[in-house]
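Have a look at the model below, then read on.

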Amino acid sequence: MPVSVVVGTQWGDEGKAKIIDLLAESHQVVARYQGGHNAGHTVVVGDQKYALQLVPSGVFYSHVMPVIGNGVVVDLPTLFNEIDTLESRGVSCSRLKVSSLAHLIFPWHQAHDALSESSLGDQKIGTTLKGIGPAYADKSRRVGIRAGDVRDAGRFKKLVRARALDEQKILAALGGEQLNVDQIVEKFVALGKRLEPYVADTVNLLHQALGRKENLLLEGAQATFLDIDHGTYPFVTSSNPTAGGACAGSGLGPRDITRIVGIAKAYTTRVGSGPFPSELLGDLGEKIVDIGHEFGTVTGRRRRPGWLDLVMLRHAVRLNSLTEIALTKLDVLDTFSTVRVCVGYEVDGTELHGYPDDAQVLAKVVPQYVDLEGWNCSIRQVRSFADLPPQAKALIELVEQHVGVPVSIIGVGPERNECVVRR
Ligand code: GDP
Ligand code: IMO
Ligand code: MG
């Protein structure tokens with residue numbers, strides 16, 4: 001099992017980090033491949049809870065080399081805050097490597113994010129306002145500044161000043177936030193200096209690790225339905241969280257990948273705007289939010305709750321070539337007398353075959369549900385599939401039948417060991 005990918009199968013916050021932390025024990029490298037500090041990845045180790053935005057979730061093991069891959073957009077103030085916080089809590093980040101090819105986020109990216117969201121009014125995407133979209137836009141426009149640029153401090157300073165002066169004019173014309181160019185240059189020159197020792201040719205490092213027959217884990221942020229190509233466009237992020245993005249964002253080739261684990265919550269949540277067929281607007285939704293603590297790790301926003309949607313999950317299996325599913329937060333449903341699962345979509349009384357390619361259609365589908373009996377007991381102590389209540393097993397079997405891949409891990413609580421691992 002040399003290279004595994006972990007990918008979200010819904011709209012994010014599926015509990016990816018907990019599963020990555022669990023799997024990292026048997027891996028020597030954990031690499032992020034896309035996204036940036038829009039991610040909020042929670043790892044609970046004993047009585048300690050950590051919220052990671054940029055540092056890979058394998059950082060808690062001293063045998064793991066954490067890598068920020070070339071596909072990530074890196075906000076340096078956040079990265080160093082995170083490193084300082086982790087180190088002050090006794091977690092060493094000295095093994096961290098940042099790809100020389102990763103693009104950096106600058107204050108003008110955040111200013112553009114805010115400007116674009118405010119101009120959209122009630123049509124806004126509901127971004128995390130971290131500058132993610134504008135940073136990827138600059139990468140595509142080929143005007144980005146990359147981590148490797150800090151290796152030549154004089155040139156880096158000139159690059160930052162030139163871009164800051166350009167953006168100062170653009171933002172002034174658009175009525176956006178004014179930039180203090182000198183202050184930005186001074187701040188980023190210092191940050192660049194601090195970044196330099198972490199910068200590495202990570203593509204080469206990952207291939208060297210493969211050559212040593214080490215196990216590598218590629219950590220997805222966001223999720224399949226937030227993918228810029230395959231998600232509910234325009235209510236998406238600006239990268240490719242789907243498994244294909246793991247190759248582009250790490251420099252490993254498609255044939256290197258052997259295991260692709262899709263993370264699905266036993267229900268669904270979404271932060272930000274956009275269609276959500278199985279959304280629950282009433283008291284049952286409130287109950288999921290309360291019990292599941294469904295508030296954003298990064299922005300604190302309430303996550304929109306809904307039932308598990310197997311139409312989406314089946315599509316995620318195809319888009320990502322999933323070899324298996326980890327079904328998380330099953331314990332959150334412990335007190336529900338009925339558990340609903342969406343197994344089909346209808347539009348105007350006609351059943352749709354598969355997941356629609358049009359977000360407008362998705363917005364008006366009528367979900368078709370199967371109602372399962374709840375198990376009405378706590379499963380947090382359960383550690384083997386055989387010990388799960390029959391009603392919980394029935395839910396897992398329904399998932400497997402519908403999507404055609406095994407559910408190999410079941411989350412029964414937030415902590416590292418609160419899992420049922422089936423193989
Ligand atoms: P990520 O972005 O996919 O890594 O997920 P987040 O960390 O944003 O959100 C998942 C939340 O659920 C975190 O607070 C986790 O500690 C918690 N969590 C993960 N797995 C489980 C589980 O199986 N049961 C419960 N109750 N909580 C879980
Ligand atoms: P993790 O990795 C949930 C959502 C935002 C918004 C849309 C675009 O913790 O699962 P962006 O700032 O990326 O331009 O926002 O994507 N979003 C997430 N939702 N979990 C995340 O990350 C997210 N990262 C971005 O809420 O709807
Ligand atoms: Mg999250």
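## Around ligand 1

A backbone N or O atom of glutamate 14 sits 3.1 Å from an oxygen atom of ligand 1. This is a predicted model, in which local features need pLDDT of at least 70 and side-chain atom pairs count only at pLDDT 80 or more, while totals for chains, interfaces and linings use all residues. Residues are numbered from 1 along each chain as its sequence is written, chains are lettered from A and ligands numbered from 1 in the order in which they are written, and side-chain values use heavy atoms, with hydrogens and water left out.

| Residue | Protein atom | Ligand 1 atom | Distance |
|---|---|---|---|
| Glutamate 14 | backbone N or O | oxygen | 3.1 Å |
| Lysine 329 | polar backbone | oxygen | 3.0 Å |
| Aspartate 331 | polar side-chain | nitrogen | 2.7 Å |

The protein covers 93% of the 590 Å² of accessible area that ligand 1 has on its own (Shrake-Rupley method, 1.4 Å probe). Of the 19 residues around ligand 1, those that come nearest are Gly15, Lys16, Gly40, Thr42 and Asp331; a residue counts as near if one of its heavy atoms lies within 4 Å.

What coordinates the magnesium ion (ligand 3)? Asp13 (OD) and Gly40 (O) do, at 2.0 to 2.2 Å; donors are N, O and S atoms within 2.8 Å of the metal (3.2 Å for Na, K and Ca), and sites may look incomplete because water is not among the atoms. Aspartate 13 lies in the loop between strand 1 (3-8) and helix 1 (16-24), and glycine 40 in the loop between strand 2 (29-32) and strand 3 (41-45), so the pair ties together parts that are 27 residues apart in sequence. Helices (H or I, at least four residues) and strands (E, at least two) are DSSP runs, numbered from the N terminus.

Definitions and conventions: A polar contact is a pair of N or O atoms within 3.5 Å; within protein, one must be able to donate a hydrogen and the other to accept it, and residues adjacent in sequence count only if both atoms are side-chain atoms.
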